[in-house]
Amino acid sequence: MRMRPTLTWTPTEDLPPATTDLRPVVDALDAGGVLVLSGAGLSTESGIPDYRGEGGSLSRHTPMTYQDFTGSARARRRYWARSHLGWRAFGRALPNAGHRSVAAFGRHGLLTGVITQNVDGLHQAAGSEDVVELHGSLDRVVCLSCGALGPRRELAERLEEANPGFEPVAAGINPDGDADLTDEQVGDFRVVPCALCGGVLKPDVVFFGEAVPPRRVEHCRELVREADSLLVLGSSLTVMSGLRFVRQAAQAGKPVLIVNRDPTRGDRYALTRVALPLGAALTSVAGLLAVPVGDAGR
């Protein structure tokens, strides 16, 4: 069963006001047992735009859906041309102060885990361990026919060989690694098949309209059950894949704290929403907890 894509959300009720007071976040981390749920807003300071914030990519770009990708060879050609170009820039992104702060909290035993909706690998690059990639990772590709997994760098090499001289200038890069290209720039870009069976290759990420694997969801639910509180960083919680864990925590009586500059679909479940830039906010929290934030990065 495929989920109907949810691309936007508009508040339909009065939501609790936001604050700039970081003390509830500090207190929760000081008590330990915190599970982090992160979204695209955490990576904006690394040069990767989010979907829905100010200047978010949804204002100019409709993400590829699972239905379009699997149902149209033309859509796959357009996706892989744009993703191949975007991958070059995406792969150069470095962890920012927010990622480094989360890694530092983990090293100091304040966290029970990290669930990320991001596909950029920046939590791991900053030094976080045992990160659950809810929506997968752009570092991998999967064959839809035989199920074989492979590294993205190998596919990138094959696409380079199949498309010599492909060097269009993109108008922008999106949170899913997709570059903004016109149909003319895509041209007759050549897509390569699975090297093992000749099947269709797809990035090992959950597209809009595609369900998160059930075992991964259950693992995340178990992490919520084990945690004492849930800290949401940089997510609008528009899609149910993340919102369900906020609802689960709230229903279990566990504090939900959100750091996000804009209102979120989870605000009514939260103890507080702090409307501050993530890098500065988390660096301040680390300072108040006397947790040193290193410069780890790839």
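Me: In this predicted model, how far does helix H9 reach from its first C-alpha to its last?

Reply: H9 covers residues 240-251, which makes 12 residues. At 1.5 Å a residue you'd expect 16 Å, and the helix comes close to that. Its reach from first C-alpha to last is 16 Å.

Me: Which residue with a positive phi follows H9?

Reply: H9 itself takes in residues 240-251. After the helix comes a residue whose phi is positive, near 80°, and that's Gly253.

Me: Switching to strand E4, why can we call it largely enclosed by the rest of the structure?

Reply: Buried here means under 20% relative accessible area. Go through E4 with that cut-off and the strand counts as largely enclosed, because the buried residues number 6 of the 8.

Me: Which residue in E6 is the bridge partner of Cys143?

Reply: E4 spans 136-143, and it pairs with E6 (residues 201-205) in the antiparallel sense over 4 bridges. For Cys143, the bridge partner in E6 is Leu201.

Me: And on the E5 side, what's the bridge partner of Val142?

Reply: E4 and E5 run antiparallel too, joined by 3 bridges. Within E5, Val142 has as its bridge partner Leu149.

Me: Which residue takes a positive phi in the hairpin of E4 and E5?

Reply: The hairpin has 5 residues between its strands.

Me: How far apart in space are Gly147 and Cys197, C-alpha to C-alpha?

Reply: Along the sequence, Gly147 and Cys197 sit 50 residues apart. In space, the C-alpha to C-alpha distance is 9.8 Å.

Me: Last stop, Arg273: buried or exposed?

Reply: Arg273 lies in strand E9 (residues 272-274). Its contacts beyond four places in sequence include Ala18, Thr19, Ile258 and Asp267. The relative accessible area is 9%, so Arg273 is buried.

Me: Which backbone oxygen lies 2.9 Å from a polar atom of the Arg273 side chain?

Reply: The side chain of Arg273 reaches the backbone oxygen of Asp262, but that one is at 3.2 Å. The backbone oxygen at 2.9 Å belongs to Asn260.

Key. Residues are numbered from 1 along each chain as its sequence is written. This is a predicted model: local features need pLDDT of at least 70, side-chain atom pairs count only at pLDDT 80 or more; totals for chains, interfaces and linings use all residues. Side-chain values use heavy atoms; hydrogens and water are left out. Helices (H or I, at least four residues) and strands (E, at least two) are DSSP runs, numbered from the N terminus. The expected span of a helix is 1.5 Å times one less than its number of residues. Buried means under 20% relative accessible area, exposed over 50%, partly exposed in between (1.4 Å probe, protein chains only). Two strands pair if DSSP finds at least two bridges between them. A polar contact is a pair of N or O atoms within 3.5 Å; within protein, one must be able to donate a hydrogen and the other to accept it, and residues adjacent in sequence count only if both atoms are side-chain atoms. Contact means heavy atoms within 4.5 Å.
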